[in-house]
Amino acid sequence: MLFTPVYRRNVKLTRNCQSRHRLKYCQLKGWVIVNEFIEKGKSAKTDDRPEFQKMIALAKRPNRPFDVVVVHKFDRFSRKRDDHVIYKALLNQFGVKVISVTEQTEAETPQDLLLEGMIEVISEFFNANLATEVRKGMEQNAKQGYNNGGTPPYGYRTEHIALGNQKTKAVWVPGPREEVDVVRWIFNQYAYENKGYHKIASELNERKIPSQKGGTWSASTIRTIIYNESYIGRKVWNKQDYQTKGKKWRDRSEWIITENAHPALISKELFDLCQEIAKKRHNGGGETHKPFGSKPASPFWLRGVMVCDKCGTKMVGNSASTRTKSDGQRYYTCGGYLREGKDFCPYVGWRKERVEKLVANKLRTTLLRLSMDNNLADEIRLYHNDKNKHLIVQQSNLEAEISFLKKKVKVIEADIQSGKGKPYHQEMLDEMNRELQMKMAEYEAIAQYVKAVDVPEEYIASVKYDIQTFISLLDNEVANPQMLHQLAGKFISKLFIQRETKKMYLMIRFNFNDVEVYEKTIVDEW
């Protein structure tokens with residue numbers, strides 16, 4: 001009997017039908033379905049799919065619970081030929097086959113391999129051709145000022161107009177009067193009242209005016225409104241490249257810009273004035289886009305691991321203006337405060353240099369000790385034993401109970417065989433055997449968790465190498481914040497500072513194959 005998971009994308013129109021076909025196929029084969037990996041809202045054109053990667057990771061484990069991956073069609077596994085070949089070859093190395101319910105090829109003969117390859121190529125061609133045709137239609141839509149989907153900006157609503165032949169097109173129209181007034185108020189406050197993003201957001205929140213999603217306003221939301229060209233009736237499409245990993249800004253020459261595509265809410269003169277003010281005030285902060293790759297590397301290497309002790313939001317890098325008394329000083333600032341204001345978080349900033357120096361000193365001594373001799377392997381083993389000590393005690397108690405039951409069973413069996421047994425002895429024996437079976441099953445289940453941790457020497461060696469590299473970067477006079485940031489993410493799971501207790505909490509964690517193998521919290525005086 002083969003054990004198999006089912007992988008499928010969540011296609012709303014065909015999901016139920018496909019599920020029945022897969023279930024029936026597995027039943028005919030006598031296979032047991034051990035899991036279903038359901039991808040929600042992710043295209044098979046890319047391998048950047050959480051459920052897909054979870055399935056691949058599970059297949060690579062020594063104790064994988066399946067031998068076959070069943071899909072409705074091969075294009076549900078991948079519509080990209082390269083990914084199809086790479087991941088099928090990878091699964092094949094671990095003894096896992098990929099089988100389609102509707103495209104019956106076992107890939108065991110040259111003919112099957114040829115047919116399967118042709119199906120994959122045709123699927124990729126169909127997907128690419130369909131994308132091209134859809135894009136042509138969207139470009140034409142954008143040039144005519146129609147909407148290609150998505151939520152309209154604050155102050156607008158989507159309305160469908162009839163074009164004949166039962167066709168409709170989506171356009172933007174002004175929303176409720178109160179929203180339109182808020183948009184105009186924001187631009188006027190920014191242009192003529194010398195108010196910044198934070199001040200405008202705070203005043204809107206004080207007046208209990210809900211944002212587009214019904215929540216509070218943030219500085220980033222105000223900034224988005226200030227540089228949004230939609231408010232002067234201009235429709236802009238094709239600003240970003242969504243096809244490759246990581247959205248990339250296209251050059252403005254590639255944008256499709258349609259003037260007077262919908263009613264303007266403010267004048268072009270007011271909009272242009274706000275852009276000029278933004279450039280002077282924020283050194284380019286009012287630009288409608290920044291080309292991909294133009295952003296300099298961040299000097300804040302603890303970003304992403306340091307969190308606010310008040311609200312739990314990640315701390316982000318923030319530099320004070322050179323025109324203030326702080327004279328350009330750098331801080332780690334609560335991201336929630338920056339986005340939502342002081343009503344969301346009371347905000348406590350921490351001086352960049354002081355935090356990084358304290359963390360660097362603690363990391364240097366802790367990691368250096370772990371990298372010496374066999375300390376890392378020993379610490380992983382001790383952590384594993386300590387984490388599972390309650391299970392070890394439970395396992396020991398079960399061993400004693402199992403041993404006692406086995407002795408009792410032998411005594412009763414001997415009495416029955418010698419003729420000394422009473423009529424009820426057989427019933428007692430059956431009951432004891434059932435209890436023994438349950439105890440042994442429970443023991444085996446616990447044993448799966450408390451078995452000795454198996455961390456390969458290669459993993460230990462790679463961690464030591466990363467530690468040595470990290471310490472070298474900390475000791476280097478010329479800082480490399482980008483590399484420090486990458487390595488810090490491998491070692492630090494969380495960092496926060498409590499102002500009341502004046503203590504810093506630094507949590508170090510190592511993961512192997514997505515499994516936590518070591519964790520330690522370091523506490524130090526601030």
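This briefing covers the cysteines, the aromatic contacts and the nonpolar cores of the structure. The model is predicted. It contains zero disulfides and 15 aromatic pairs. Its largest nonpolar core has 44 residues, and a second, separate core has 29.

**Cysteines**

- A disulfide requires two cysteine sulfur atoms within 2.5 Å, and the count by this rule is zero.
- The cysteine sulfur closest to that of Cys-311 belongs to Cys-334 and lies 3.5 Å away, which is too far for a bond.
- Cys-345 is likewise in no disulfide, its nearest cysteine sulfur being that of Cys-334 at 3.7 Å.
- Cys-311 is partly exposed, with a relative accessible area of 31%, whereas Cys-345 is buried at 0%.

**Aromatic pairs and cluster**

- The structure has 15 aromatic pairs, including a tilted one between Tyr-459 and Phe-512, with 5.0 Å between ring centres and 55° between planes.
- That pair links distant parts of the chain, 53 residues apart: Tyr-459 is in helix H15 (residues 457-475) and Phe-512 is in strand S15 (residues 503-512).
- Tyr-459 is buried, its relative accessible area being 12%.
- Phe-470 and Phe-491 make an edge-to-face pair, 5.4 Å from centre to centre and with 75° between the planes.
- This second pair joins helix H15, which holds Phe-470, to helix H16 (residues 481-491), which holds Phe-491, across 21 residues of chain.
- Both Phe-470 and Phe-491 are buried.
- One aromatic cluster is made up of Trp-301, Tyr-383, Phe-470, Phe-491, Phe-510 and Tyr-518.

**Charges over rings**

- Lys-235 places its charged end over the ring of Trp-172, 3.2 Å from the ring centre.
- Lys-352 lies over the face of Phe-300, 5.8 Å from the centre of that ring.

- Beyond its neighbours within four places in sequence, Phe-470 is in contact with Trp-301, Leu-363, Leu-367, Leu-484, Leu-487, Ala-488 and Phe-491.
- The second, separate core of 29 residues has Leu-204, Tyr-231, Ile-232 and Leu-265 among its members.

Technical notes
Residues numbered from 1 in each chain as written. Predicted model: local features only at pLDDT ≥ 70, side-chain atom pairs only at ≥ 80, totals over all residues. Heavy atoms only, no water. Buried < 20%, exposed > 50% of the residue type's maximum accessible area, 1.4 Å probe, protein only. Phe/Tyr/Trp six-rings, centres within 6.5 Å; stacked < 30°, edge-to-face > 60°. Helix = DSSP H or I, 4+ residues; strand = E, 2+ residues; numbered from the N terminus. Lys NZ or Arg CZ within 6 Å of the ring centre and 35° of its normal. Core = buried A, V, L, I, M, F, W, Y, C linked by side-chain atoms within 4.5 Å. Contact = heavy atoms within 4.5 Å.
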